[in-house]
Amino acid sequence: MIESETARTSLIRVVYGLNWLLQEFTSQANADKPAVINLSLGFPSTGVPDIPPSEYRRRLRAMEAVLQTLVQANVLPIVAIGNDGPGRFGYPGGFSDALGVGAVDHNGLVAPFSGSRTSPRTRKPDIYGYGVGIYSSLERDMANRSFYGPLDGTSMAAPFVAGIAALYLCRSPTLSAAALRAMLLANAQTVRSGRRSVQIARYV
């Protein structure tokens, strides 16, 4: 379970979880198998109240280092960019090595909650997926029965993109993480959304 009682322990658990995935993907039994990671989670770029800024930056750097190592091991992290609207984003989706995913509705319009990052070095999101009114699992009751319903969020859009990435890897298992990223971007559908163009992931 990633979520916990504090942002600090959640950060620690995410890094531990990514380290575990790295060990699994690079083990002898799995080294030649294609892999992709979906991360429908995020931590605010602006920090959180219960962690000092210096510690927060340090823990984010540790997370970024693991993501860089995963990419070097040919595992592409596909990550929700966050739901705080334009100009605001979360990590790890905001890292340059992550494929940051924004959300559009089924008409190709960018959802008003979909985050973004604009800086001289990094522009996010990298790609969009359908993230409005997505039928998804909600929770379970005391009898372990699942409930389903429509949900909105970049956490819905990221698995859409990850699923398409997995299809590409099924067709071409030897693709590197860099080649997979390039293929997703090259084959995305470009549509007009308001005054700008967006790229919606698709499988061709």
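**View 1. The surroundings of D126 in a predicted model.** Leaving aside residues up to four places away in sequence, D126 touches A98, L99, G100, R181, L185 and Q199 (contact means heavy atoms within 4.5 Å). You will find D126 in the loop between β7 (123-124) and β8 (127-130), where strands are DSSP runs of E with at least two residues and helices are runs of H or I with at least four, numbered from the N terminus. D126 counts as buried because its relative accessibility is 18% (buried is under 20% relative accessible area, exposed over 50%, partly exposed in between, with a 1.4 Å probe and protein chains only). This is a predicted model, in which local features need pLDDT of at least 70 and side-chain atom pairs count only at pLDDT 80 or more, while totals for chains, interfaces and linings use all residues. Residues are numbered from 1 along each chain as its sequence is written, and side-chain values use heavy atoms, without hydrogens and water.

**View 2. Helices α3 and α4 meet.** In α3 (residues 154-171), V161, I164, A165, Y168, L169 and R171 meet L180, M183 and L184 of α4 (residues 177-186). By class, this contact has 8 nonpolar, no polar and 1 charged residues (Ala, Val, Leu, Ile, Met, Phe, Trp, Tyr, Cys and Pro count as nonpolar, Asp, Glu, Lys and Arg as charged, and the others, Gly among them, as polar).

**View 3. S172 between the two helices.** Look for S172 in the loop between α3 and α4. S172 counts as partly exposed because its relative accessibility is 24%. From C-alpha to C-alpha, S172 and P34 are 8.8 Å apart in space, yet 138 residues apart in sequence.

Key
Axes fitted to C-alpha atoms, helices over the stretch in contact; angles between N-to-C directions.
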